[in-house]
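This report is written for a reader who is new to the structure shown below. Please keep the sequence and the model in view while reading.

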Amino acid sequence: MQALRLLIALFFLAAFTWFLTTPLSVGDKSLPPLGSFFNPFSGFWKNSEPATGFSLKNADLPGLTDKVDVVYDDLLIPHIFAQNLEDAIRVQGYITAQNRLWQMDITTRKASGRLSEVLGERTLAIDRITRRRGMGYAAENDVAAWKKSPEAIRMLEAYTEGVNAWVSQLTPADYPIEFKLLNYAPEPWSVLKTALVVEAMAENLCSRDDDLASTNALALFGKDTFNMLYPEWNPKQQPIIPDTGQWKDWKAPFPAGTSLQPGALSVAPEEISAFPWGEQPEATTDPYVEGSNNWAVGGTRTKSGHPLLANDPHLTLSLPSIWFQLQIHTPEQSCFGVSLQGVPGIIIGFNDKIAWGVTNVSHDVSDWYRLDWENEEHSRYLIDGEAKAVEQRIEEIGIKGKPSMRDTVRYTVWGPVVYDFNQEHPLRDCALRWISHDQPDPDGAAIFMFLNAGKGYDDYRKALKLYDCPAQNFVFATQSGDIAMTVQGRYPVRATEQGRFILDGSRQADAWHGFIPPEQVPAMKNPSRGYVFSANQHSTPPSYPYYYLGSFEDFRSREIHDRLETLHNATIDSMKTLQLDNFSRRAADALPAMLQLLDRSRLDAEGRKMADELSAWDYRYEAGVTAPPLFEVWFDSCYSRTWDEMEPARRAKQAMLMPDTWRFIEMLGQDTGNIFFDHPETPQRESASDIANESFAIMQQYFRENPGKRSTWGKFMGFTLKHMAQIDAFSRLDVVVGGHRTAPNAMQKTHGPSWRMIVDLGDQVRGYGVYPGGQSGNPGSRFYDNMVDTWAKGEYYDLLVLHAPDEPSSRIIGKQTFNPDRK
């Protein structure tokens with residue numbers, strides 16, 4: 001009997017031990033082994049940090065040539081004091097990993113198609129499409145180019161070694177909590193992973209194209225109607241670089257109006273199938289998502305007589321934040337700003353002489369080429385009648401808990417064939433030509449390090465010549481009084497409309513015709529108007545001799561232009577007010593036209609009250625105002641009901657180009673009888689007035705059925721600041737903000753200003769900034785989200801710039817010293 005009891009006890013002990021040490025599956029998700037996760041010595045308890053005090057330790061760091069002191073201020077911003085840049089960059093890598101290791105890991109896993117290794121089969125489709133688009137291929141080309149520059153690769157390797165010095169001394173107890181939750185361990189960093197971070201930004205900022213959607217729309221409507229619905233230039237637009245005669249003598253690469261025959265214009269709408277790897281997004285009235293603002297105001301328009309510079313890049317917002325603040329101080333430079341996790345140097349910032357910032361250029365630099373296959377095996381294709389063999393790249397995708405998967409990607413002279421030819425996909429016979437697949441300038445990895453140490457305009461221009469992709473509008477200002485803007489990037493030379501539609505991959509004539517010469521990339525220095533600015537709008541007016549296309553913003557830029565045009569005696573507060581401006585030019589353009597079309601005699605009491613509220617609204621998306629939700633629902637209904645001709649394609653999840661909002665608003669005010677306001681299924685012919693009145697009734701019904709939505713704009717928008725792994729407990733779901741994607745304060749549900757920075761380039765350069773997050777990536781740290789509320793209230797921090805590691809300041813909370821490891 002005792003033996004039986006012992007066996008039973010051993011069985012239950014073994015079962016309990018198995019339960020504590022084995023990952024548990026819950027639906028399509030898995031939990032970490034509960035024993036290790038709750039272990040009091042190595043589990044999640046070890047990720048808690050003290051509510052006060054400073055706990056970072058000194059370290060001996062391999063590769064250092066001299067001591068490096070790092071002083072931390074009250075926001076946990078590191079101020080790195082080194083005797084040379086290589087030591088500073090090495091310590092930057094260590095400190096970044098110390099604070100953001102899991103974020104660095106998951107970013108590169110996403111960019112390389114390796115999510116399924118830790119998340120399982122549910123991310124397999126994401127990994128496949130990432131690899132088939134050539135993200136890893138692009139990163140490998142980056143590294144191959146960087147290795148040609150001894151200085152660039154030396155800095156990249158120093159950063160890598162700094163990261164790995166932190167990783168190598170970790171025990172499982174030290175792992176960031178996300179590693180414990182997902183039950184995997186950190187990997188060593190590499191230069192390739194830095195390249196993957198760069199490519200992740202390129203995918204986010206310059207991989208968008210409308211080739212298929214435009215081709216479908218052209219097939220559906222014909223050329224004349226297409227041109228009427230989709231003009232490429234908004235006449236109300238204020239371009240980044242206006243025409244001041246600077247390009248009047250440039251030789252045009254093509255005669256005016258020269259265009260290439262698109263390769264897929266004969267495709268019939270019934271041949272266009274749905275997307276098997278994810279649905280097309282719902283049509284939106286404002287397709288531009290990743291927006292940003294920057295400007296510089298010259299001394300003639302400021303109260304101090306010195307330039308002011310402002311930048312607020314708008315990106316997907318998450319915890320941890322995309323940015324990490326730091327100061328890098330060496331005998332040659334003292335630079336402050338924000339960096340990207342995994343990339344050395346400071347991306348947006350200032351030093352004691354200059355300041356700079358960036359916004360996305362938004363040019364289309366990716367095209368689809370329809371291939372003419374020579375054989376059924378899809379191993380050879382024709383260009384001008386000559387057969388060419390594809391190159392095969394075998395991608396092996398690891399899947400947690402299952403055997404790995406092998407995927408073969410065919411590469412052509414144009415680029416990868418992204419969609420497998422066995423898939424029923426409209427682009428299955430097309431190759432992707434994307435600028436980011438090209439090798440960059442070998443010194444391109446060091447561009448921001450060069451800019452960090454810049455002293456004036458010549459240094460700025462010299463550094464920018466190294467920058468290729470993703471194209472950015474670099475705003476610039478100096479303490480000596482210069483202001484400038486450069487639309488920097490590598491841009492293909494195109495014939496008119498080349499790349500707007502799917503191109504013919506069997507003709508070499510459809511290839512890009514080289515690249516715009518660097519000296520003819522749009523730029524401006526010290527304009528007579530006294531300011532430069534960008535907000536993702538067109539780079540130039542149509543008079544610019546090179547054709548380009550893209551997704552450009554139409555409303556924020558006009559508001560910022562008008563505000564700067566009337567700005568005098570500007571101060572830091574003036575800059576803050578403009579960054580926080582919730583005024584929407586879209587609403588100001590559209591609502592008067594909509595109200596003019598509304599027949600108030602047909603409204604009931606509730607409707608009249610809503611109309612009165614809208615009439616009194618000042619077009620500002622303030623968090624506590626109730627009119628914006630009324631306008632949003634009414635406007636969106638007007639928009640969707642106008643384009644009912646496209647509804648069958650939308651319901652079938654087919655790519656279909658939607659007209660720009662500015663064009664729709666123009667039709668509401670100037671072309672009320674346009675045929676597209678008519679509903680084809682009704683016997684009578686509707687006008688814009690009918691659309692406005694129908695949509696107003698729909699708006700009323702919506703709020704009757706959803707009374708909880710009849711609220712303030714802040715609650716209606718429902719802003720959320722989610723953890724990167726979508727873990728609500730690590731997210732901020734209580735933040736209420738104003739703003740709108742078409743206002744300078746470009747807020748959306750999950751997007752917004754990721755870093756607000758203002759720099760006063762006076763006798764002593766001063767900076768002000770804030771981002772929605774914290775320096776630490778640890779949800780158990782008081783520095784994880786400590787800046788969120790300040791950001792939400794529209795407040796800024798004075799950015800502390802130190803000149804020596806022993807400089808006294810009440811804001812200093814601790815110090816970390818790194819010594820060379822002499823072992």
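The text below goes from the whole chain to single residues.

**Basis and confidence**

This is a predicted model, in which local features need pLDDT of at least 70, side-chain atom pairs count only at pLDDT 80 or more, and totals for chains, interfaces and linings use all residues. Residues are numbered from 1 along each chain as its sequence is written, and side-chain values use heavy atoms, with hydrogens and water left out.

The predictor's confidence in each residue is given as pLDDT, on a scale from 0 to 100. Its mean over the protein chain is 90, and 89% of the residues reach 70 or more. Residues 16-20 stay under 50, as do residues 262-285. Contact means heavy atoms within 4.5 Å; beyond four places in sequence, the model has 6 contacts for residues 16-20 and 56 for residues 262-285. Where pLDDT is low, the predicted coordinates should not be read in detail.

**The chain as a whole**

The protein chain has 23 helices and 29 strands. These are DSSP runs numbered from the N terminus, with helices being H or I of at least four residues and strands E of at least two. Of the 823 residues, 59% are buried. A residue is buried under 20% relative accessible area, exposed over 50%, and partly exposed in between (1.4 Å probe, protein chains only). Among contacts between residues at least 6 apart in sequence, 72% join residues at least 24 apart.

**Two packed helices**

Two packed helices are described by the angle between their axes and the distance between the axes. Helix 18 (residues 627-642) and helix 20 (residues 661-670) pack at about 90 degrees, their axes being 11 Å apart. The two are therefore roughly perpendicular, a term that covers angles of 65 to 115 degrees. Axes are lines fitted to C-alpha atoms, for helices over the stretch in contact, and angles run from 0 to 180 degrees between N-to-C directions. Helix 18 contributes Phe635, Cys638, Tyr639 and Thr642 to the contact, and helix 20 contributes Thr661, Phe664 and Ile665. Cys638 is buried, at 0% relative accessibility.

**Cysteines and cis bonds**

The structure holds 0 disulfides, a disulfide being a pair of cysteine sulfur atoms within 2.5 Å. The cysteine sulfur closest to that of Cys469 belongs to Cys206, at 3.6 Å, which is too far for a bond. Cys469 is buried, at 19% relative accessibility.

Cys469 is also joined to Pro470 by a cis peptide bond, with omega of about -5 degrees. Pro470 lies in the loop between helix 13 (457-464) and strand 19 (472-478). Another cis peptide bond joins Leu319 and Pro320, with omega of about -5 degrees.

**Single residues**

Most residues other than glycine have a negative phi, and most peptide bonds are trans. Glu497 has a positive phi of about 70 degrees, and Asn569 has one of about 55 degrees. The table places both residues and gives their relative accessibility.

| Residue | Loop | Relative accessibility |
|---|---|---|
| Glu497 | between strand 20 (483-488) and strand 21 (503-504) | Glu497: 16%, buried |
| Asn569 | between helix 14 (556-565) and helix 15 (572-579) | Asn569: 54%, exposed |

Gln700 is in helix 21 (residues 688-705) and is buried, with a relative accessible area of 6%. Leaving aside residues up to four places away in sequence, Gln700 touches Leu603, Asp604, Glu606, Gly607 and Met610.

Technical notes:
Angles under 35 degrees count as roughly parallel, over 145 as roughly antiparallel, 65 to 115 as roughly perpendicular and the rest as oblique.
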